[in-house]
Amino acid sequence: MSSGVSPTHSKTTCQSCPVCFSLYQKMDEPETDFNLKVVLVSFKQCLNEKEEVLLDHYITSWKGLVRFLNSLGTIFSFISKDVVSKLQIIERLRGGPQHEHYQSLQSMVAYELGHQLVDLERRSRHPDSGCRTVLRLHRALRWLQLFLEGLRTSPEDARTSTLCTDSYNASLAAYHPWIVRRAVTVAFCTLPTRKAFLEAMNVGTTEEAVEMLGEALPFIERVYTVSQKLYTEHSLLDLP
């Protein structure tokens, strides 16, 4: 899965690229129905030249994904509502007195660990630390990345309930109690068809939606990989 555009390709360096220029125009348009192209652009901007995850763009990218989930009805509300609450925490940190330390994921981790602002073994004094909050978003991003990749590569008659359950079991399920896992997998049985999912992306035909996923997912995957490496290096993947 690859793309001809670099993950660090930015607005200032791609004005001459017809594809990117049209996408940035879309970003500047008034509120419209969700379009996966918007998420493609925002995830491209999440990483700077140093491969630091910029939190403002990370928030914007997740808001686009939430719009996509919400456009599918209430089936994914258990995830989207939690994501929204986590985004609000990060936005408060970005707007708070220490906002300069929350410009990137890397600066946030360094600041919070350096000032002992992270509950490493059990939740106590810092239940809403940035490190813990982004970790929850990070796990959810993995689920959505796997599910979208399943939609992209699966045959037309693939059962979305199976695709979504497999993605969930490979990501979020390990962090949910049994009763939640059971309720979620039962709810997945009511998911719409693969064609309905692809049409909900509002990028044209199902073939065009599949092509768009091929362009978008490498950027999401790169952001996930950089974040995973950072959390692994600092032993933060199992924060309570």
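Visitor: What lines the second largest pocket?

Guide: In this predicted model, the lining consists of Phe78, Ile79, Asp82, Val83, Lys86, Arg136, Leu137, Arg139, Ala140, Leu172, Tyr175 and His176. Helix H4 (77–94) and helix H6 (130–153) are the elements that give two or more residues to that lining. The largest share, five residues, comes from H4.

Visitor: What makes a residue count as part of the lining?

Guide: A lining residue has an atom within 4 Å of a grid point of the pocket. Phe78 and His176 are among the residues listed for this pocket, so each has an atom within that cut-off.

Visitor: Why is this called a pocket and not a cavity?

Guide: A cavity is a set of points where the probe fits but cannot get out, whereas a pocket is an open set. This one is classed as a pocket, with a volume of about 230 Å³, so its set of points is an open one.

Visitor: How do the lining residues divide into nonpolar, polar and charged?

Guide: There are seven nonpolar, one polar and four charged residues. Tyr counts as nonpolar and Asp, Lys and Arg as charged, while His falls among the others, so His176 is the polar one.

Visitor: What makes up the protein chain, helices or strands?

Guide: The chain has ten helices and zero strands, and its pattern along the sequence reads α-α-α-α-α-α-α-α-α-α.

Technical notes:
Residues are numbered from 1 along each chain as its sequence is written. This is a predicted model: local features need pLDDT of at least 70, side-chain atom pairs count only at pLDDT 80 or more; totals for chains, interfaces and linings use all residues. Side-chain values use heavy atoms; hydrogens and water are left out. On a 1 Å grid over the protein atoms alone, a cavity is a set of points where a 1.4 Å probe fits but cannot get out, and a pocket is an open set with protein on both sides within 12 Å along at least five of seven lines; lining residues have an atom within 4 Å of a point. Grid points are joined across faces, edges and corners, and a volume is the space filled by probe spheres set on the points. Helices (H or I, at least four residues) and strands (E, at least two) are DSSP runs, numbered from the N terminus.
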